[in-house]
Amino acid sequence: MLLQLCTWQEIESYLQQSQGIIIPIGSTEQHGPTGLLGTDAICAEAIAKGVGEAASALVAPTVNVGMALHHTAFPGTISLRPSTLIQVILDYLTCLSRSGFRRFFLINGHGGNIATLKAAFAETYYHLAPLGIEVRAEVANWFMSGAVYQLAKNLYGNQEGSHATPSEVALTQYIYPDFIKTAPLSETVASGYPIYGAKDFRFHYPDGRMGSNPALATPEHGQQFYQLAVQELTKGYLEFLNSD
């Protein structure tokens with residue numbers, strides 16, 4: 001059930017049954033020599049749709065651009081400032097809460113969004129409280145779910161890395177098999193450097209990877225990650241929806 005493919009009457013009817021909604025959020029940023037720029041948004045959107053179908057839940061339009069300022073030294077990356085992303089989420093949740101939604105489950109595909117999303121939730125609670133509207137929001141990072149993490153560890157070991165990972169690349173290969181990219185990858189890949197500004201990031205991680213070997217990715221692996229993520233996050237959504 002995609003919100004953008006519904007009429008307002010259908011949303012009104014849905015709210016008679018449920019006050020929960022799933023919001024996919026990702027990023028548009030470099031993902032190494034073989035990763036699609038839209039990887040984080042692509043993964044979050046596909047998993048959100050799967051969870052929505054499994055849980056009979058409404059899925060909102062994807063937030064495709066996130067907080068990725070540290071990647072902006074690589075061509076094609078688009079980022080919002082943390083303050084801008086906070087305002088975007090605040091506006092999303094405020095509009096939806098005025099319609100009657102009370103439970104917001106954000107399926108996230110980008111680690112750089114996490115801190116900003118939690119700040120946005122705090123802003124939202126503060127903003128809505130004087131209006132007498134009580135809501136709850138939760139961020140669910142598909143790549144941090146237990147089953148996904150364990151599968152990545154089993155398949156790739158320490159070559160999973162922390163950015164442009166084979167697990168996320170595999171998932172995009174499963175979703176978009178006609179857009180699988182190949183490129184030479186050096187055996188040595190940087191890892192362990194702290195993240196500061198964009199120029200510093202590109203200096204320390206010149207091809208965009210962080211300790212990862214995405215050459216290990218396959219569409220078959222991606223299907224496994226998809227199924228595990230949908231299963232685990234469906235359970236998480238339903239528990240969140242029914243929590244006191």
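Predicted model: local features only at pLDDT ≥ 70, side-chain atom pairs only at ≥ 80, totals over all residues.
**View A. Packing of helix α5 against helix α8.** Helix α5 spans residues 146-156 and helix α8 spans residues 219-241; the two pack at an angle of about 160°, and their axes lie 8 Å apart. Because of this angle, α5 is roughly antiparallel to α8. The crossing in which α5 passes α8 is right-handed. On the α5 side, the contact is made by Gly 146, Ala 147, Val 148, Leu 151, Ala 152, Leu 155 and Tyr 156. On the α8 side, the contributing residues are His 221, Gln 224, Phe 225, Leu 228, Ala 229 and Glu 232. The contact of α5 with α8 comprises 9 nonpolar, 3 polar and 1 charged residues.

**View B. Packing of helix α6 against helix α8.** Helices α6 and α8 pack with their axes 7 Å apart, at an angle of about 100°. The two helices are therefore roughly perpendicular to each other. From α6, the residues Ser 167, Ala 170, Leu 171, Gln 173 and Tyr 174 meet Pro 219, His 221, Gly 222, Gln 223, Phe 225 and Tyr 226 of α8. By class, the contact of α6 with α8 divides into 6 nonpolar and 5 polar residues, with no charged residues.

**View C. Packing of helix α2 against helix α6.** Helix α2, residues 39-55, packs against α6 at an angle of about 65°, with 9 Å between the axes. In this pair, α2 passes α6 in a left-handed crossing. The α2 residues in the contact are Thr 39, Asp 40, Ile 42, Cys 43, Ala 46 and Ile 47. Their counterparts in α6 are Glu 168, Leu 171, Thr 172 and Ile 175. The contact of α2 with α6 holds 6 nonpolar, 2 polar and 2 charged residues.

**View D. The largest pocket and its lining.** The largest pocket contains about 530 Å³ of space. It is lined by 26 residues, of which Phe 143, Gly 161, Ser 162, His 163 and Thr 165 are the closest to its centre. The elements that supply two or more residues to this lining are α5 and α6, the latter covering residues 166-175. Helix α5 provides the largest share of the lining, with 4 residues. The lining of the largest pocket is made up of 8 nonpolar, 13 polar and 5 charged residues.

**View E. The largest cavity and its lining.** The model has 1 cavity of 30 Å³ or more. The largest cavity holds about 30 Å³ of space. Its lining consists of Thr 34, Leu 36, Val 169, Thr 172, Gln 173, Tyr 176, Phe 179, Ile 180 and Lys 181. By class, these lining residues are 5 nonpolar, 3 polar and 1 charged. Among them, Thr 172 also takes part in the contact of α2 with α6, and Gln 173 takes part in the contact of α6 with α8.

How values were computed
Residues numbered from 1 in each chain as written. Heavy atoms only, no water. Axes fitted to C-alpha atoms, helices over the stretch in contact; angles between N-to-C directions. Parallel < 35°, antiparallel > 145°, perpendicular 65-115°, else oblique. Left-handed = near helix turned anticlockwise from the far one by under 90°. Contact = heavy atoms within 4.5 Å. Nonpolar A, V, L, I, M, F, W, Y, C, P; charged D, E, K, R; others polar. 1 Å grid on protein atoms, 1.4 Å probe; cavity = no way out; pocket = protein on both sides within 12 Å on 5 of 7 lines; lining within 4 Å. Points joined across faces, edges and corners; volume = space filled by probe spheres on them.
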